[in-house]
Amino acid sequence: MQTELLSVTPEAIQRAGELIRQGQLVGFPTETVYGLGANALDADAVKRIFEAKGRPGDNPLIVHISRIDQLAPLISGEPSPAAKALMDAWWPGPMTLIFPKSDVVPMDVTAGLSTVAVRFPAHPAAQALIDAAQRPIAAPSANRSGRPSPTTAAHVMEDMDGRIPLILDGGACEVGLESTVIDMTGSEPRILRPGGVTPEMIAQVAGSAGVDPAVMRPLKEGEVARSPGMKYRHYAPTGALTIVKGADGAVIRKICDLYDAALEVGNRPLILALEGHLPAYGDRKALSLGADAAGMAHALFARLRDADEIGADALFSEAVAADGVGLAVMNRLGRAAAFHIVEADE
Ligand code: TXA
Ligand code: MG
């Protein structure tokens, strides 16, 4: 299959909408990461997503809408007052809510679960595509399973060339990490995957918010994941990744030591660091993660892809404080490192 790459224009959106209606897959931009979309109400189309990604069949998809009135048919019962407050505050935006599903949502979308994840993306091209398709769009991130999520159309092409007919190019994604996933089926909102909408922002609007314990550690032997996606080692670079945490100076010294030791034994090490710290690493090979936590959210997945490209086999990354959007950054970084985190001594 030939994969076409088209800039977002009204004509390209119409073509993409038509492909979706025909049961085909389209790569498209959102404000978080690029999605791989299919008609959410067509079980055969949804199966193609799993094939193209090489995604395990037990990992459910998010259904994307472009108008609030598209929500009611997808869910069973009414959204709770907390859900309504969150929708008012952060939709459209980088937030996904989980509700009990209705019968119109195929089991292939929810991987057999009785709940459905729904998101109203803010990106105008994503909204225009859903409008053009005239139906909700099921979309995971548009990477091959196990690769970092794509934040540019070129990343989608790297992973999906020859597997899908069309990619819409809307430039680099603004947020750079996937949406916050919140389970709304319990007594309080529960964050299953942290993202751009932070626990602080959720608690402010919904009164309280729990964070699933699996967010900042690997699952224990025999533990059942509340969000099936959490049990897979995502965002994995080819090289072994170590996160170093502690005070700035100590972290820089520790990373220099680890880098030099890796070089000594013949590895090809690479450092991922905040922009302002790069000079401190001298002529060691280092890539910038941006100026702060928000910059890291934006840059992280692209740098992990760069690390693969360079052929680095020992990666050392600085940590960031796990609050605000930093929680999402540390969740993704932690999972990429299989939670291999070392503490730098003072
Ligand atoms: O920002 C995003 O959310 C992007 C863009 C394209 O919208 N999409 C995305 O999809 O990241 P994906 O498939 O890569 O991640 C969806 C996550 C997975 O961890 C999955 O297990 C979880 O949401 N999920 C989906 N439906 C669920 C459900 N019914 N219950 C629990 N977790 C669910
Ligand atoms: Mg994904």
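Let's start with a pair of helices: helix 3 passes helix 7 in a right-handed crossing. Keep in mind as you look that this is a predicted model.

Helix 3 covers residues 81–90 and helix 7 covers residues 199–206; their axes lie 9 Å apart and the two pack at an angle of about 120 degrees. That angle is why helix 3 counts as oblique to helix 7. On the helix 3 side, the contact is made by Ala82, Ala85, Leu86, Ala89 and Trp90, while helix 7 brings Met201, Ile202, Val205 and Ala206. Sorted by class, this contact of helix 3 with helix 7 has nine nonpolar residues, no polar ones and no charged ones.

Five strands form an open sheet in the order 14-13-15-12-16, with parallel pairing. Its edge strands are strand 14 (286–288) and strand 16 (341–343), each of which pairs on one side only. From one strand to the next, the twist averages 25 degrees.

You can follow one pairing in detail: strand 13 (residues 269–273) joins strand 14 in the parallel sense over three bridges. Here Ala273 stands opposite Ser288 of strand 14.

Which helices lie across strand 12 and strand 15? Helix 9 and helix 10 do, as the table shows.

| Helix | Residues | Strands it lies across | Running angle |
|---|---|---|---|
| Helix 9 | residues 293–310 | strand 12 (240–245), strand 13, strand 14 and strand 15 (314–318) | about 150 degrees to strand 14 |
| Helix 10 | residues 326–336 | strand 12 and strand 15 | about 135 degrees to strand 12 |

Notes: Residues are numbered from 1 along each chain as its sequence is written. Chains are lettered from A and ligands numbered from 1 in the order in which they are written. This is a predicted model: local features need pLDDT of at least 70, side-chain atom pairs count only at pLDDT 80 or more; totals for chains, interfaces and linings use all residues. Side-chain values use heavy atoms; hydrogens and water are left out. Axes are lines fitted to C-alpha atoms, for helices over the stretch in contact, and angles run from 0 to 180 degrees between N-to-C directions. Helices (H or I, at least four residues) and strands (E, at least two) are DSSP runs, numbered from the N terminus. Angles under 35 degrees count as roughly parallel, over 145 as roughly antiparallel, 65 to 115 as roughly perpendicular and the rest as oblique. A crossing is left-handed if the near helix is turned anticlockwise from the far one by less than a right angle, and right-handed if clockwise. Contact means heavy atoms within 4.5 Å. Ala, Val, Leu, Ile, Met, Phe, Trp, Tyr, Cys and Pro count as nonpolar, Asp, Glu, Lys and Arg as charged, and the others, Gly among them, as polar. Two strands pair if DSSP finds at least two bridges between them.
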